[in-house]
Amino acid sequence: MPPAVVDFVLQHLPALQVVVPMVAAPLCLMLSRGALAGGLALIVALLCFAMSLLLLHQVVTGGPISYALGGWPPPIGIEYRVDTMNAFVLVIVAATSALVLPFARKSVRGEIEPSKQALFYTVFTLCLCGLLGVTITGDAFNIFVFLEISSLSTYVLVAMGARRDRRALTASYTYLIMGTIGATFYVIGLGLLYQATGTLNLEDLAVRLAPLGELTSVRAGFAFIMVGLGLKLAMFPLHAWLPNAYTYAPSVVSIFLAATSTKVAVYVLLRFMFTVFGYDFPVVELSLATVFVPLALAAMFIASTVAVFQTDLKRLLAYSSVAQIGYMILGFSMASVTGLTATIVHMFNHAAMKAVLFMVAGAVVYRVGSTAVASFAGLGRQMPWTMAAFVIGGLSLIGVPLTVGFISKWYLILGALETGDWLIAIAIVASSLIAVMYVWRVVEIAYLTPAPADRKPVREAPLSMLLPMWALALICIYFGTDAQFTATIGTNVAQDLLDGIGSNGIGSNDIGSNDIGSNAVGDGPAADLPASEGVIQ
Amino acid sequence: MCSSVSASPTLDFILGHYNYWLVIVLMMVGLYVVVSRGNMVKKLVGLNMFQVSVFLFYISVGKVRGGTAPIYVADPDAVYSNPLTSVLILTAIVVGVATLAVGLSLVIRIQAAYGTVEEDDVQAADAGRDASPRAGGGAA
């Protein structure tokens, strides 16, 4: 590539990260053949992954990037702001999509009607675009728009499970109602904040909100935003949509959603709680101790216990997700560097382990046709590689040493001990024991119960499924033995979040200095990419 | 605005914020319909009311008393209403319409699959089913 092009790409990386999947989505639709659309979606996912890694590298070495969309400087224009935290989340989202799509090739062929496969990839790419957009943008209303792009495509993706079971339709409908209420709550909260501050830029909000802690409308805004996001991330009492949506969605969708969408919502919650409001903000501290800690503990115990009694693997994993979100909430509720590190690290770790486990479920659907726990009988011998991956994922879920789950719980327990909360530390260990029960149930049936005699012998999952599954399983082990990468990032992010941006007078240092002048042609990527569309066709 | 009508500060507060009261009433009515109705189309109607109340809220936040529409006029002393909230709501309306479209198409699919759009009937129809998605449909 000529250096001018490389320069251009590097310059506009934040915009390209979102624009590439956005432009690719309609192209997938035009390709109209499932295999072609899947190929394009895979290329896009790989590109996004590469871009997110580049962004993470740029941010880690050169500090936060501020990109003025369309060349309009913030706070008037929409700002894309990348720092270590959202670059890390971008990597999680993009990496998951790049690993899920190779897996999807066979799984989608098995579960989605041929005429709808291109549509599936279209909506999938759109969902990816939404999730990346939520993560990268520095504008509060833009978050809402991208959140709804990702949510609306998620509803459609979940409903595509209707070919296997009509309950996917009702699951999707419930999700739509709950998700829209959540998004609308977020908008109400944002309206109250806008009314008090007159700005929508997150950095600018942080600066202007700092002296307004006593204002009732601002406090109400905080509450609305937290409840809205709580609905989106399936925080414990607001999780009712999640088990059905994950159970009846097509396997690929369950993998993708479980690994990414709740993480992105947790990211937005952290962004608001620590960057926009800041830990010193009067209501934040109060809500952490009185609302988030009890709800996190309730999630860990109640959802885990419910998971033990499930007869379907995907539903079991869904309840386990609700419990694991509890760990993430518990982490940041401690409001210490260690606790926040636990949350950030667990976002990555949980994405990896849940993706493995849902991939196992997808492979079993492909070969056996059911995810009922009972149908796992004998699969330990018949699908040895798949079940070995399940064991690794399950051990991570429990938090056994040498797996990623251990690292998360290690930081959580350290955080709890730092604040002297012995009870919370004990609760973390105790809830992990419940995880042992639900993981063991499946392992026991898979390895110790002989296969039913009337079932045709089951073959091992195809290679295109095993490779992504094992790539993730190895990630679970690698980052469990050498957690330096994730822990360093986690600690840095936690430090940044707790230092608070409002207090160092942001708005003066980064913004406007590096990018805006050169981005006078900032609408370049948006204007140029449609032109290259014609070339691809 | 109502100080001439009444001297009571409480009444002033209530009347002076009448737009917010309307928003709150509309919001609660919408949310109540979503929660209380079993008919899936009516639920969507409630959801839409809920969203519309937020649109009104934003627009009344942006209104400047005595301000004109935010269109450039030659008069340097002209007072404009804040255009930003209206623009935001334009986007939110699009989102709302898209949500309604997806919701209604789901209802159509549910009607085709179940023969009803009443939530209770749908639940009753699925009551006897196994928790797992129908076995055997996978690799076919």
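Modeller: Two conventions come first. This is a predicted model, in which local features need pLDDT of at least 70, side-chain atom pairs count only at pLDDT 80 or more, and totals for chains, interfaces and linings use all residues. Residues are numbered from 1 along each chain as its sequence is written, chains are lettered from A and ligands numbered from 1 in the order in which they are written, and side-chain values use heavy atoms, with hydrogens and water left out.

Colleague: How many residues of chain A and chain B are in contact?

Modeller: Contact means heavy atoms within 4.5 Å. By that rule, 45 residues of chain A touch 46 residues of chain B.

Colleague: What area do chain A and chain B bury between them?

Modeller: Buried area is the accessible area (1.4 Å probe) that two parts lose on being put together, summed over both. Here the value is about 4,000 Å², with 68% of it on carbon and sulfur atoms.

Colleague: How many residue pairs are in polar contact between chain A and chain B?

Modeller: A polar contact is a pair of N or O atoms within 3.5 Å; within protein, one must be able to donate a hydrogen and the other to accept it, and residues adjacent in sequence count only if both atoms are side-chain atoms. Between chain A and chain B there are 9 such residue pairs, both residues being at pLDDT 80 or more.

Colleague: Which elements give two or more residues to the side of chain A that touches chain B?

Modeller: Helices (H or I, at least four residues) and strands (E, at least two) are DSSP runs, numbered from the N terminus. The elements in question are helices H4 (84-111), H6 (140-159), H7 (167-197), H10 (241-248) and H14 (337-367) of chain A. H7(A) supplies the largest share of that side, 18 residues.

Colleague: Is Asp126(B) buried or exposed?

Modeller: Buried means under 20% relative accessible area, exposed over 50%, and partly exposed in between (1.4 Å probe, protein chains only). Asp126(B) is buried, at 10%. Asp126(B) also forms a salt bridge with Arg129(B), whose closest N and O atoms are 3.6 Å apart; Arg129(B) is partly exposed, at 31%. Salt bridges with shared partners join Asp165(A), Arg166(A), Arg167(A), Asp126(B) and Arg129(B) into one network.

Colleague: What pattern does chain B follow along the sequence?

Modeller: Chain B reads α-α-α-α-α, with 5 helices and 0 strands. Its C-alpha trace spans about 75 × 40 × 20 Å along the principal axes. Of its 140 residues, 33% count as buried.

Colleague: What radius of gyration does chain B have?

Modeller: The radius of gyration is taken over C-alpha atoms, and the globule rule is 2.2 Å times the number of residues to the power 0.38. A compact globule of 140 residues would have a value near 14 Å, whereas chain B has 23 Å.

Notes: A salt bridge is a side-chain nitrogen of Lys or Arg within 4 Å of a carboxyl oxygen of Asp or Glu.
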